[in-house]
Amino acid sequence: MNLTTPERPARRRGRPPKNSARPYSEVRQALVQSGLAMLTEKGYSSVGIDEILRSVDVPKGSFYHYFKSKEEFGQELIGAYGQYFARKLDRFLLDDAFAPLQRIRNFVQDASEGMTRHQFRRGCLIGNLGQEMSLLPESFRGQLKAVFEDWQQRTADCLRAAQACGELSTAQDCDQLAEWFWIGWEGAVLRAKLEASPEPLQRFASGFFQLLQPDTD
């Protein structure tokens with residue numbers, strides 16, 4: 001490098017949109033929000049970049065001004081959805097106004113109402129991508145697994161709170177129960193979309209809470 005020549009900042013790929021009054025960060029966030037909405041309905045492989053660009057009025061060819069690749073875009077979506085859903089879980093699972101097991105029931109009820117409100121078109125972005133993993137960039141695998149593990153940990157902490165107040169037997173393995181919950185829950189979400197009904201969510205929740213009851217034999 002010539003020390004007498006100032007180093008130029010790295011240039012972004014892609015064409016910057018012409019005459020756009022919107023800040024770079026605002027447009028980038030709008031693309032993420034549109035991507036989240038579309039991928040929860042259609043999946044990663046079925047959504048084209050042009051469709052997302054049109055939805056936020058960004059010219060074709062400008063995508064790479066905001067993201068290096070569709071893979072980087074997907075990684076951004078996974079991170080954004082994981083954080084969004086973690087905050088949602090915390091609103092329920094840390095709500096001291098309810099007993100710990102009721103907090104989980106409240107989460108289930110809210111999710112059921114949400115899927116009904118969106119006419120069962122939308123599911124869980126992380127679950128959707130997990131089902132497509134054979135077609136996705138390998139970099140997604142570890143990221144998706146980490147999101148599920150984070151949700152499981154939050155659920156396990158709520159179950160441990162249930163143990164502390166006597167709602168749940170101390171003989172139960174909270175980490176294992178939380179893993180079972182999320183494995184079963186994702187399947188129930190898929191089935192609810194298939195049947196266009198909240199009943200699979202309710203059946204799964206009923207079975208899970210029966211599992212938590214003490215053995216009376």
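Analyst: One term to begin with: buried means under 20% relative accessible area, exposed means over 50%, and partly exposed is in between, using a 1.4 Å probe and protein chains only. This is a predicted model, where local features need pLDDT of at least 70, side-chain atom pairs count only at pLDDT 80 or more, and totals for chains, interfaces and linings use all residues. Residues are numbered from 1 along each chain as its sequence is written, and side-chain values use heavy atoms, with hydrogens and water left out.

User: OK. Is Phe63 buried or exposed?
Analyst: Phe63 is buried, because its relative accessible area is 2%. Phe73 also counts as buried, at 2% relative accessibility.

User: How many aromatic pairs are there in the whole structure?
Analyst: A search finds 26 aromatic pairs. Rings of Phe, Tyr and Trp (its six-membered ring) pair if their centres lie within 6.5 Å; planes under 30 degrees apart count as stacked, over 60 as edge-to-face, and the rest as tilted. Take Phe63 and Phe73: the ring centres are 5.4 Å apart and the planes stand at 90°, so this pair is edge-to-face.

User: Where do Phe63 and Phe73 lie?
Analyst: Phe63 is in helix 3 (residues 63-66) and Phe73 is in helix 4 (residues 70-93), so the pair ties together parts 10 residues apart in sequence. Helices here are DSSP runs (H or I, at least four residues), numbered from the N terminus.

User: What about the rings of Phe107 and Phe181?
Analyst: Their centres are 6.5 Å apart and their planes are at 55°, so that pair is tilted. Phe107 sits in helix 5 and Phe181 in helix 8 (residues 174-195), and the pair links distant parts of the chain, 74 residues apart. Both Phe107 and Phe181 are buried.

User: What else does Phe107 touch?
Analyst: Leaving out residues up to four places away in sequence, Phe107 touches Phe85, Leu89, Phe92, Phe181, Trp182 and Trp185. Contact means heavy atoms within 4.5 Å.

User: How many residues does the largest nonpolar core have?
Analyst: That core has 61 residues. A nonpolar core is a set of buried Ala, Val, Leu, Ile, Met, Phe, Trp, Tyr and Cys residues joined through side-chain atoms within 4.5 Å. Those with the most contacts inside the core are Leu31, Phe73, Phe107, Trp151, Leu159, Phe181 and Trp185. Helix 8 gives the largest share of this core, 9 residues.

User: Switching to charges. Which ring does the charged end of Lys70 sit over?
Analyst: The ring of Tyr44, at 4.5 Å from its centre. The rule asks for NZ of Lys or CZ of Arg within 6 Å of the ring centre and within 35 degrees of the ring normal. Arg105 lies over the face of Phe209, 4.2 Å from the ring centre.

User: And how many salt bridges?
Analyst: The count comes to 15. A salt bridge is a side-chain nitrogen of Lys or Arg within 4 Å of a carboxyl oxygen of Asp or Glu. Arg122 and Glu41 form one, at 3.4 Å from N to O.

User: Where are Arg122 and Glu41?
Analyst: Arg122 is in the loop between helix 5 and helix 6, and Glu41 is in helix 1 (residues 24-42). The pair links distant parts of the chain, 81 residues apart. Arg122 is partly exposed at 29% relative accessibility. Glu41 is partly exposed, also at 29%.

User: Which residue does Glu51 form a salt bridge with?
Analyst: Lys42, with the closest N and O atoms 2.4 Å apart. Glu51 is partly exposed at 23%, and Lys42 is partly exposed at 43%.

User: Which residues are linked in a network of salt bridges?
Analyst: Arg191, Glu195, Glu199 and Arg203. The side chains of Arg203 and Glu199 meet at 3.5 Å, N to O. Both lie in helix 9 (residues 199-212), 4 residues apart, about one turn of the helix.

User: Last topic, backbone. What is the phi of Gln119?
Analyst: Positive, about 55°, although Gln119 is not a glycine. Gln119 is in the loop between helix 5 (100-117) and helix 6 (125-131). Phe120 lies in the loop between helix 5 and helix 6, and its phi is near 60°, also positive.

User: Are those two buried or exposed?
Analyst: Gln119 counts as exposed, because its relative accessibility is 56%. Phe120 counts as buried, because its relative accessibility is 10%.

Methods
Helix = DSSP H or I, 4+ residues; strand = E, 2+ residues; numbered from the N terminus.
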